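This report goes through a protein assembly chain by chain, from overall make-up to single side chains. The sequence and structure come first.

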Amino acid sequence: MSRRSRWITLGAVWGVVVVAAVVAPFYLEGFWLQTGLFAMSAAVGAIGINLLTGATGQLSLGHAFFLAVGAYAYVYLSTDVGLPTPLAAVVAVILAGVAGGLFSPIAGRLKGAYLGIATLALIFGGQHVLFNAEPLTGGYNGRAVPPMELFGFVFADSPGLVLLNVPFGALERLWFLGLLVLAAAAAFARGVLRGRPGLAMNTIRDHEIAAGVMGVPVARYRAGVFVLSSMYGGLAGVLVALVFQRAVPDYFGFLLSLDYLAMIVIGGLGSVAGAVIGAVFVSLLPQLLTRYSDALPLVAEPGSGGVSPAEAARILYGAAVVTVVLFLPGGLLGLATRLRRVIPRIKELRWPNSAPAPASRR
Amino acid sequence: MAGEAGLEIADLAVHYGPVRALRGIRVTVPRGAVVAVLGANGAGKTTLLRAVSGTLRFHRGGVTSGTVSFGGSRLNGSPATAVARGVVQVPEGRRVFARMTVAENLRAGALGVRDRAKAGEARDRVHALFPILAERAHQRAGLLSGGEQQMLSIGRALMANPSMLLLDEPTLGLAPKMAARIAATIREINAQGTSVLLVEQNAAMALGLASHAYVLEVGEVALSGPAAELAASDEVRRRYLGVGTPETDRPVGINAENAPPDDPPRPVRTLSRWTA
Amino acid sequence: MTTFLELLVNGISVGAVYALIALGFVVIFKATEVVNFTHASLLLAGGFLVAKLHPALGFWLALAAGVAGAALVGALIEFLIIRRARVGSHGVLAIVTIGVDILLTTELTREIGTDVLALGDPWRDQVLHLGPITIAETRIVALGVAAALITAFLLAFKFTGWGVAMRATAEDAETAALMGVRLGRVSLSAWAVAGALAAIAALFLCVFPTPGLDRSTTAAAMKAFPAAILGGLDSTTGALAGGLIVGVTEALMSGYQSQLAFLGRGIGDAAPFLVMIVILLFRPAGIFGTKELARV
Amino acid sequence: MAKFGTRARIATLAVLALAAASCASDKAVGGAPATGGDGVKTGPGVTATTITVGVVTDLTGPYASLGKSLTQAQQLYFEQANAAGGACGRKYEVIVRDHGYDTQKAVAAYTEIGPKSAAIPQFIGSPMVTALKQRIDTDKLLTIPMAWATSLLGSRAIQVTGTTYDIDMINGVDFLTKEKGIKAGDKVGHLYFEGDYGESALNGSKYAADKLGLEIVEQKIKATDQDMSAQVAAFKAAKVKAVLVSVGPRQAASLVGVALAGGMDVPFVGSNSAYSPQLLGTPAAPALLKDFYVMTAGAPVSAPMPAMQKLVADYQAKYPGQTLDNAVPTGWSAAMIVDEAVKKACAAKDLSHEGILAAHRSQSTFEGGFGTPMDFTFFDKPASRASYILKPDKAAVGGSVVLKEAAVSDLAKDYPVPVG
Amino acid sequence: MIPELVVSDVTVRFAGLVALDAVSFTVRPGSTHALIGPNGAGKSTCFNVLSGVYRATSGSVRFGDAELTASRPHQVAALGVARTFQNIALSPRLTVRDNLMLGRHRLTRSGFVSAGLRLPSARREAVRHGARVEEIAAFVGVADALPTPVGLLPYGTQKRVELARALCMEPRLLLLDEPVAGMNSEERREMADLIVSVRESLGISILLVEHDMGIVMRIADSVTVLDFGKRIADGEPDEIQRDPEVIRAYLGDIEESPS
């Protein structure tokens with residue numbers, strides 16, 4: 001009974017989510033679709049850094065670099081090398097992994113904050129290369145990103161397409177691509193976390209020596225997770241480039257890396273769902289505040305003086321990071337889990353006659 | 001000096017998270033006395049000292065009920081208060097500040113007291129007790145031998161002019177000669193007016209020093225009484241000294257398990273071998 | 001040769017200022033094992049106070065107020081947040097400090113707005129001519145002050161009760177507590193000291209030859225990270241060495257960028273980080289850092 | 001099994017929802033631009049009563065100071081235009097979006113306000129505009145970037161006002177040779193930002209140096225660099241006779257301060273973005289006042305023109321106590337360009353994006369009341385090649401005065417402007 | 001099948017202190033060997049050397065043909081050497097099942113790709129080894145706790161989980177670091193029985209560090225006594241109990257200590 005009802009609830013929740021996601025592009029205007037797509041890309045990247053920081057306990061402040069590798073490699077491979085775009089995307093993700101692998105002498109040996117600061121070199125070194133290797137990167141102004149083309153279907157505004165009476169431009173088309181990529185990335189990460197590698201990663205985080213004694217090659221695993229996490233970064237980079245239609249070096253800076261850390265802390269360290277929740281929160285917050293700045297107290301419209309929406313967003317999410325660590329261990333996800341535990345209890349209180357759920361353990 | 005009241009531990013219970021470490025502990029150390037706490041590893045001896053010195057929180061533990069008081073008023077669980085009130089602990093394993101010199105270690109010991117002049121006196125007293133510490137004043141503490149480190153650890157605690165010294169396994173890992181030396185020093189310190197609560201594995205030494213002793217077992221006081229009585233009691237002799245159990249005449253069973261020795265362990269279950 | 005000397009002297013003096021920031025960073029790490037990413041905002045807070053107060057109070061009083069203010073901000077962060085954060089890993093605490101930094105920096109840059117604030121220092125744009133070398137007076141003062149502060153600091157570390165308490169805590173917090181050291185005070189004072197040092201560093205980062213304090217001043221604080229790490233996070237000597245290495249590397253790489261054109265323009269910014277990586281490859285705990293021994 | 005059933009059910013639900021989706025959506029294909037009651041064809045951003053203009057600016061990033069002045073000037077302009085009856089029987093509405101010099105936020109902002117705007121009288125940041133160039137062209141949305149790099153030329157919908165940075169620098173080198181005794185064989189330093197601002201400017205100085213037999217000593221820096229000591233040392237070592245400055249105001253101040261203090265007494269010629277009156281409150285002030293010049297296409301606020309004086313008075317009345325710099329007239333004239341285009345388009349009864357753009361591109365001698373006349377009929381050339389030469393002045397409004405009236409140097413006349 | 005463990009002349013120095021001083025002993029195949037000595041005698045250091053956590057300053061440790069002193073912990077584990085920790089070293093947030101599955105690490109192959117894609121090979125592996133984990137959990141008596149996060153379990157149970165995790169490695173040599181520390185008599189007896197069951201069932205070698213002499217005397221085939229980093233005795237339990245050197249090390253020098 002309880003098992004069945006849990007399946008039904010879970011099914012219903014997922015049903016709503018899936019339907020909402022599918023229907024969204026038919027209703028939402030471009031701005032929201034774009035925001036949603038940025039959130040999806042952020043979620044992919046956040047899953048990656050959560051594998052590293054949340055699940056393995058390794059801090060990285062250099063994640064933005066791998067987004068850059070993904071984005072630029074995609075542009076270079078599809079435009080200059082002339083690879084078909086899907087292949088270019090795949091190779092770009094692999095290249096991001098290779099870049100992570102090149103960093104493994106550091107990533108395997110250092111841990112915690114040392115690694116975090118060491119990865120700053122990726123940001124500063126990386127941006128230096130992006131600005132200077134102009135033939136590859138287009139320098140300061142970056143490069144245009146060619147649209148993805150899958151089996152002759154182009155993810156761009158033209159050729160025009162009208163679906164069910166709604167014009168389907170680049171954003172509407174990319175929406176579904178983004179959903180697929182995110183779902184695949186999340187499923188893969190869940191598999192990793194629940195499987196053999198995930199256990200090894202968690203043990204490295206909790207007790208490095210025990211992990212080694214249990215047969216986990218700690219340095220190799222650290223480096224391996226770093227590579228995997230870089231590939232997630234690369235994938236997020238390809239996605240963000242496609243949405244953006246432009247890759248510019250400025251974007252891939254220190255602040256972007258901080259955003260990613262904020263996402264996983266706010267969402268919940270170590271889990272896929274936490275990363276996604278955090279990514280959505282951090283990506284949506286500034287846009288919501290900007291959009292509704294006139295209706296919100298304390299937030300001023302841009303140009304009128306006072307706290308601008310962009311500033312308000314940063315203040316809010318800085319505060320969110322602190323609050324979550326102080327008061328909500330487990331992040332927003334942990335909060336949701338706790339609520340889920342509380343709500344059935346409330347239900348029981350309200351309907352004392354309904355048969356109590358049999359203990360489901362065992 | 002607040003009258004005759006020494007250290008009073010009443011109904012103490014301590015938990016580390018969900019794990020209970022102590023329950024219903026009552027221990028009294030009168031002023032000027034040496035009291036020993038015996039017990040197997042994991043029986044809760046160190047936990048007891050931590051509860052007195054206020055360092056439980058370093059191990060994510062806490063007092064869940066009961067009180068610890070000294071000189072008639074309660075110790076509130078902060079190590080700084082305990083030190084200020086004259087209750088100073090010498091930690092297990094010596095734990096000298098290895099990267100600091102001997103002199104600096106002694107100086108660190110006086111950090112809890114305000115009076116500068118007294119610190120000088122205390123230093124003289126320490127140097128009188130352990131002349132080697134004066135000789136090695138500018139050497140890094142990490143380079144001292146185990147015995148010298150133990151002297152430094154005790155000396156460091158004396159720098160705070162304690163009226164009550166908590167000693168956690170002071171002879172641990174020391175050669176017998178050195179252990180005897182430390183024992184003699186403890187006696188001397190006590191003779192100078194400092195009460196001592198001594199946690200020891202070396203039961204013979206502890207009972208030799210103490211006037212009163214408690215035996216802890218799995219977080220509770222199993223036995224207590226005057227040290228001489230305990231040393232003479234068959235049960236303690238069998239358990240902790242391993243001598244003279246009439247029934248079995250086992251020569252020296254050390255820290256022997258209290259289960260009847262003639263009950264050999266049996267395999268309880270079987271596990272098949274794994275075939276890959 | 002003259003150019004080289006000039007760059008070198010400049011590099012050393014800027015490096016000394018970086019060393020001040022790195023020192024604060026190291027002190028906090030030693031006392032609390034927290035990697036403090038709020039350093040940039042402490043710096044900004046100190047500089048901001050001096051800039052805002054000097055017209056009313058005069059430079060020296062304003063400086064004192066700035067130093068005290070930044071120390072207070074540091075202490076408040078420790079008292080309100082770090083002390084209360086019950087988290088298992090110091091990595092997560094580092095992320096908390098990132099959150100605090102985002103908060104403070106946003107608010108401070110909002111206050112600073114679009115202005116370039118002068119700090120009203122008495123040295124203005126005076127320069128000294130040492131033979132063929134010209135160097136700004138502020139730089140000489142910076143070098144002197146940094147050297148004096150670092151010396152005073154090392155002496156205090158060695159000889160004062162506070163220093164002994166700090167070192168004892170860094171080595172073994174529980175045993176230090178058994179000596180009656182109040183750990184809360186030690187960590188509070190570490191944060192306050194770090195704030196004060198950052199405020200003084202802010203002064204020298206915002207006076208001539210730079211035009212004043214503005215929202216981009218935080219970028220300079222970033223240089224303290226490689227400085228602290230390559231010296232060794234738990235070593236005061238390391239902070240000094242790291243700061244100097246970063247300052248000199250940066251100055252030389254910028255000054256000779258025409259000759260180093262193959263490395264790309266603007267290498268001065270990236271160079272300290274690259275040096276840091278090279279050093280970490282050979283010494284994962286930094287030049288003077290101590291390797292931790294696993295205990296099981 | 002149960003799992004599969006759930007999935008199948010979800011899929012069915014999704015398809016059903018999809019089918020239902022088209023019915024209620026606002027996005028359903030609505031048709032071509034409508035024609036209003038007054039016979040004027042309308043497009044995005046234009047209703048029967050309002051014309052919406054979008055401002056994409058930087059209020060929290062490195063160009064916040066510029067963005068603030070431009071935005072306030074434009075808000076003032078449209079307010080006054082509305083007070084005077086608006087345009088085409090409609091009132092202007094201004095939407096402001098701040099991107100803090102972050103390209104992603106700029107793209108997001110454009111996606112949001114592009115479809116609701118009739119024109120964009122201000123778009124800060126050449127990387128941002130470059131990133132959106134294609135989309136702006138496709139949308140035919142008249143956009144005035146507040147950046148003067150040559151990479152922004154060549155797009156019909158994007159109107160770079162006045163000169164580009166390279167032309168300013170050519171005119172600047174010309175000024176140095178004519179007035180400051182720089183001659184063939186001399187070395188001239190050029191300090192510039194990475195990015196297309198600095199690189200456009202460098203293009204110009206290199207062209208001029210090539211024609212005049214000078215040698216350019218390059219020093220490239222980043223926007224985050226603050227202390228120019230190393231750069232001054234390098235210039236000194238190379239024995240440059242003058243320095244061109246295409247960086248931000250802070251770096252310019254540091255450069256001239258260090259140079260002067262170090263005994264390097266040469267003239268400095270800056271691009272229009274290299275100077276800000278706030279610098280006169282810093283220790284660099286004496287150096288700036290001594291031998292520093294600014295090249296710009298627009299007249300400074302201190303220029304003795306009636307229109308300028310009125311603007312200054314109105315601005316000060318509206319924003320008392322706020323910095324008044326040369327960005328104010330720049331923003332004002334950009335707003336006027338949009339207003340003029342709208343009025344012309346109104347006369348042609350077409351307020352669609354294409355209508356406004358066509359009207360704009362039909363003007364060959366636009367004169368906004370201050371500064372030089374501009375020609376908008378070409379989009380692969382700068383609208384003007386004449387630069388003012390300004391000199392910092394503490395007493396003047398806006399911190400600078402005209403040293404030489406706007407003029408086109410011979411070198412600049414024949415200069416082939418690179419496009420895109 | 002089960003090789004001999006030969007420790008010869010192992011010395012470990014830390015910053016001038018000698019933690020182990022030329023210690024030698026041999027663990028015969030299939031025997032239970034105890035390493036005893038007062039606190040601080042070097043037993044834990046010895047374990048850390050055997051499991052590759054510390055590097056010996058000199059000397060050698062051979063397990064069959066393999067030299068352990070040159071190996072990293074995971075390489076030692078790959079040889080079939082498993083250990084438990086004196087202070088529990090489990091992942092508190094993971095369930096017992098997950099902690100035990102980690103023990104299967106060396107016996108399983110699935111990597112990032114196969115786990116991420118949930119390839120059939122990874123699933124088969126998980127099912128097969130999951131079954132064995134349940135078997136071992138039942139054997140150790142923690143089957144009921146399998147879905148519970150380790151951090152919520154009582155201390156005694158956590159100790160058992162530690163043993164179970166080591167057994168999950170299907171070891172040829174099992175190193176137990178104070179398996180009964182902190183347990184009450186009942187739990188101690190159960191643990192002792194369990195250790196005997198392990199040896200009876202699997203026939204593996206067991207090396208044991210323990211304070212509880214009762215346990216040691218009852219389950220060990222041979223005993224090595226360390227004191228102050230040195231080996232002071234080695235032999236059968238009965239001999240050891242009579243060794244005057246050992247008695248002195250444990251009780252202190254009764255003669256010298258003033259009464």
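## Make-up of chain B

Chain B has 10 helices and 10 strands. The model described here is a predicted one. Of the 276 residues in chain B, 55% count as buried. Among the contacts in chain B with a separation of 6 or more, 68% are between residues 24 or more positions apart.

## Which chains touch

Seven pairs of chains touch, and the pair with the most contacts is B and E. Some pairs do not meet. Chains A and B do not touch, and their nearest C-alpha atoms are 16 Å apart. Chains D and E do not touch either, with 17 Å between their nearest C-alpha atoms.

## Salt bridges

Side chains of opposite charge can pair when their charged atoms come close. Over all chains, the count of salt bridges comes to 46.

| Salt bridge | N to O distance |
|---|---|
| Asp265(D) and Lys290(D) | 2.7 Å |
| Asp314(D) and Lys310(D) | 2.7 Å |
| Arg132(E) and Glu135(E) | 2.9 Å |

In chain D, Asp265(D) forms a salt bridge with Lys290(D) at 2.7 Å. This pair links distant parts of the chain, since Asp265(D) is in the loop between α8 (249-261) and β9 (268-270), while Lys290(D) is in helix α9 (residues 285-291), 25 residues apart. Asp265(D) counts as exposed, at 51% relative accessibility, whereas Lys290(D) counts as partly exposed, at 41%.

Is each partner buried or exposed? Arg132(E) counts as buried, with 2% relative accessibility, and Glu135(E) is partly exposed, with a relative accessible area of 35%. The pair also belongs to a network of salt bridges that links Arg104(E), Arg132(E), Glu135(E) and Glu170(E).

## Around Arg106(E)

Arg106(E) is placed in the loop between α3 (96-103) and α4 (112-116) of chain E. Its relative accessible area is 19%; the cut-off for buried is under 20%, so Arg106(E) counts as buried. Which residues does Arg106(E) contact, leaving aside its neighbours within four places in sequence? They are Met214(A), Ala77(E), Ala78(E), Gly80(E), Met169(E) and Glu170(E). One of these contacts, Met214(A), is in chain A. Glu170(E) is also part of the salt-bridge network. Arg106(E) and Met169(E) are 63 residues apart along the chain, and their C-alpha atoms are separated by 6.8 Å.

## Around Ala199(C)

Helix α8 (residues 183-206) of chain C contains Ala199(C). With a relative accessible area of 1%, Ala199(C) is buried. Not counting residues up to four places away in sequence, Ala199(C) touches Gly46(C), Gly66(C), Val67(C) and Ala70(C). How far apart in space are Ala199(C) and Gly47(C), which are 152 residues apart in sequence? From C-alpha to C-alpha, the distance is 5.9 Å.

## Charged patches on the surface

Two patches of charge are described here. A negative patch on the surface gathers Asp234(E), Glu236(E), Asp238(E) and Glu239(E). Among them, Glu236(E) is in the loop between β10 (230-235) and α9 (237-242) of chain E. Glu236(E) is partly exposed, with a relative accessible area of 45%.

The positive patch is formed by Arg190(A), Arg194(A), Arg118(E) and Arg123(E), with residues from chain A and chain E. Arg190(A) belongs to helix α9 (residues 170-194) of chain A. With a relative accessible area of 37%, Arg190(A) is partly exposed.

Technical notes: Residues numbered from 1 in each chain as written. Chains lettered and ligands numbered in written order. Predicted model: local features only at pLDDT ≥ 70, side-chain atom pairs only at ≥ 80, totals over all residues. Heavy atoms only, no water. Patch = residues over 30% accessible without salt bridge, like charges linked within 9 Å, V, L, I, M, F, W, Y side chains within 5 Å. Areas by Shrake-Rupley, 256 points an atom, 1.4 Å probe, with all protein chains shown as cover. Salt bridge = Lys/Arg side-chain N within 4 Å of Asp/Glu carboxyl O. Lys, Arg positive; Asp, Glu negative; His and termini not counted. Charge placed at Lys NZ, Arg CZ, Asp CG, Glu CD. Helix = DSSP H or I, 4+ residues; strand = E, 2+ residues; numbered from the N terminus. Buried < 20%, exposed > 50% of the residue type's maximum accessible area, 1.4 Å probe, protein only. Contact = heavy atoms within 4.5 Å.
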